[in-house]
Amino acid sequence: MSERVRAGEVTQMPEGFQCAVEVGGVSVVVVNYEGQFYALRNNCTHKDYPLLGGEVVDGRITCAKHGGKFELSTGKARALPAVKAVKLYRTEVEDGQVFVSPL
Ligand code: FES
């Protein structure tokens, strides 16, 4: 059974907004990038470090620990030392609310 979690209200999550929500016991980082919501597991795949708060440039979130980058739309690793993709989650906007669920 897939769990769907409310991340918040669109109006309170402007461009550049980031937060973390628990989905099935896993921390997931939610990002508004250019008006689109993305959700990735909140753990860098290089070492166990949260991605929340990482700089977002060119559709990629940077791990603050060693600078690994992950593509928001696919979770793919785009800069060393990260090589493994981070798990991607589904985001949906419904009635002005943002929801996150496993893909
Ligand atoms: S822990 Fe994220 S790049 Fe090393």
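## Secondary structure

The protein chain contains zero helices and ten strands. The model described here is predicted. Read from the N terminus, the elements follow one another as β-β-β-β-β-β-β-β-β-β.

## Overall dimensions

Along the principal axes, the C-alpha atoms of the protein chain occupy a box of roughly 40 × 30 × 20 Å. The radius of gyration of the protein chain is 13 Å, which agrees with the value near 13 Å that a compact globule of 103 residues would have.

Among the 103 residues of the protein chain, 32% count as buried. Of the contacts with a separation of 6 or more, 37% are between residues 24 or more positions apart in the protein chain.

In general, strands of a sheet pair through backbone hydrogen bonds, and the pairing may be parallel or antiparallel. In the protein chain, six strands form an open sheet with antiparallel pairing, and their order is 1-10-9-4-3-2. The edges of this sheet are strand 1 (5-9) and strand 2 (18-23), each of which pairs on one side only. On average, neighbouring strands of the sheet are turned by 30° against each other, with direction ignored.

## Strands 4 and 9

Strand 4 (residues 36-41) and strand 9 (residues 88-94) run antiparallel and are joined by two bridges. Leu40 stands opposite Leu88, a residue in strand 9.

Terms used: Residues are numbered from 1 along each chain as its sequence is written. This is a predicted model: local features need pLDDT of at least 70, side-chain atom pairs count only at pLDDT 80 or more; totals for chains, interfaces and linings use all residues. Helices (H or I, at least four residues) and strands (E, at least two) are DSSP runs, numbered from the N terminus. The radius of gyration is taken over C-alpha atoms; the globule rule is 2.2 Å times the number of residues to the power 0.38. A residue is buried if 20 or more other C-beta atoms lie within 10 Å of its own, exposed if 12 or fewer, and partly exposed in between; C-beta atoms are placed from the backbone. Two residues are in contact if their C-beta atoms, placed from the backbone, lie within 7 Å. Two strands pair if DSSP finds at least two bridges between them. Axes are lines fitted to C-alpha atoms, for helices over the stretch in contact, and angles run from 0 to 180 degrees between N-to-C directions.
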